Each structure stands twice: as C-alpha cells, then as structure tokens.
Amino acid sequence: GTVHCYVPLARHLGIDQPLYGIQSLGLENGNGHLSNIESMAASYLEELRAIQPDGPYKIAGYSMGAAVAYEMAVQLRSEGESVSLFLLDGGFNGKSSEQSALTQAEQLTATEREGLEELAAAHLGATVESLRELATDELMNHYLVSAKQLNLVPADISIDQFRQFLRVMASNQLALKSYRPQPYEGAVTLFRTPVSDGNDPYYGLGDLALGGVEVHEVPGNHTAFLEDPGVRIVAEKLNDYLLDNQPELVALAN
C-alpha cells in the first residue's frame, strides 16, 4: 500500500521523468482506508487529475497495486481517455500468498493479525512455527526490524505506524481477494518474474485485456522485483516505452 517500494525505480528512470506515487489512504492519518479496489481506483484518479486533468495517462502498479492500476485504467477508458497500462508482477492468476496461522493474542486485532500473516509469509519467509515462538510484542518488533532491513517500510517508521501499516495491508488484501476485474478496452504491458509449468504466463490477463498482453520476463522473485538487478531491467524497458513521450507524467499506484 505504500509508494516506498518505487524509490529504486524512480531513480533508475532518471531525473527527467516525472513520476507521481499514489498510496493507500489511512497510512498517514490512521483511518479512512478504502475497502474495495474500485473505490481505491476512483480515489487515486482524483489525485491523478489534480496533477494532470486530462490524458493521455501512463499508469503502473506493482503487486496489489497492479489491481488498482488496472481498475484505474478501466475507469479511464470507460470515460474515453487514452491510457498506457504497465503491470509490475501483478495480475489476476489466482495466486495467493502462503497463509500462516498466528495464535490468538489480545494485543493484536484480527486485521493486524491478517496483515502480519500476509507480510510475514509473502516477504519475510516466516513459518507458522517461527510465529508461534514469539510473544506478541516481540513478534511486532521482530518483523518491524526485518521489514526495515528488506526496505519494505521506511527506516524511521514507528511501531504504532507499523501497526497501522499492517491494518491497511490486511484491508488491501481483502479488497484484492474480493475484486472481480472487468474487461479492459486496451493493451497491457506485463513485467513479471519467471513462472513455473502450469501457471498462466499472462497472469490471468489474456481474457481481460482486449488489446492484448505484451510480456517482459524479469529474473528474480516477487519480493525483490523492484530492487537491483531486476529493477534496472524494468526501468530500461519502461524507458523504451516512455522515450517518445517524455516528459509526460507516469502514475505509480500502490
């Protein structure tokens, strides 16, 4: 839900490429985060239009942010706007993060537990056993340190801000799971990690993107997708698409 992950990409795209990062409501003020992808996209479009009232628009989104970027593009195209859509290792192929189970803890709300499960399983390599070994306060501090080391959250984030981050993350994951994407009247450029046999190389976009899907494979894994060396490949390819139209703004949704 944060735009923190886009910092390396912004640096590799260069100082002449305007970028506008849009992140989840509720991260700053502790409330007001949205519970469905459609509302998130509409809210993000309000932010985008405050900077650039009319198209053409260039929108990218990573991981869960890819769903928001996709819905933004769907809404814009329904209004007759021109959109270039770039999805960064995100789509609708039915993949879900390994679910870990936490023991009941009075200090954690249900959404905090779900957020911590998603974060731990998807990014920190946690197991059910490792989660159960730690008491609640130790658990929060342990994963806060790990999240900072992996550059998932800003280095100066407090434990209270981290708790709110988990609440927003859990809400976003629930929104993603309930989202039913509509067909998109345009083409999609998909940057993705290698897929194993039997998995959809188009991330479920083949039947949704009516203008086709162009795929660029990026070595590595999902967690390190926007870090070196993969981010250099993504930036180089994105620059190829943007070169003829610079310095038009690119919106990064998450």
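Predicted model: local features only at pLDDT ≥ 70, side-chain atom pairs only at ≥ 80, totals over all residues.
View 1. Sorted by class, the lining of the second largest pocket holds six nonpolar and six polar residues, together with two charged ones.

**View 2. The largest cavity and its lining.** The model has two cavities of 30 Å³ or more. In the largest cavity there is about 40 Å³ of space. The residues L13, L19, A60, F86, L238, L242, V250 and L252 line the largest cavity. Two elements, helix α8 (230-242) and strand β6 (250-253), each give two or more residues to this lining. By class, the lining of the largest cavity has eight nonpolar residues, with no polar and no charged residues.

**View 3. Helix α7, residues 159-178.** Helix α7 has 20 residues, and its end C-alpha atoms are 29 Å apart. At 1.5 Å a residue the helix should span 28 Å, so the distance between its ends agrees with the expected span. The buried residues of α7 include the run from F162 through R163, Q164 and F165 to L166. Also buried in α7 are V168, M169, A170, S171, N172 and Q173, along with A175.

How values were computed
Residues numbered from 1 in each chain as written. Heavy atoms only, no water. Nonpolar A, V, L, I, M, F, W, Y, C, P; charged D, E, K, R; others polar. 1 Å grid on protein atoms, 1.4 Å probe; cavity = no way out; pocket = protein on both sides within 12 Å on 5 of 7 lines; lining within 4 Å. Points joined across faces, edges and corners; volume = space filled by probe spheres on them. Helix = DSSP H or I, 4+ residues; strand = E, 2+ residues; numbered from the N terminus. Expected span 1.5 Å × (residues − 1). Buried < 20%, exposed > 50% of the residue type's maximum accessible area, 1.4 Å probe, protein only.
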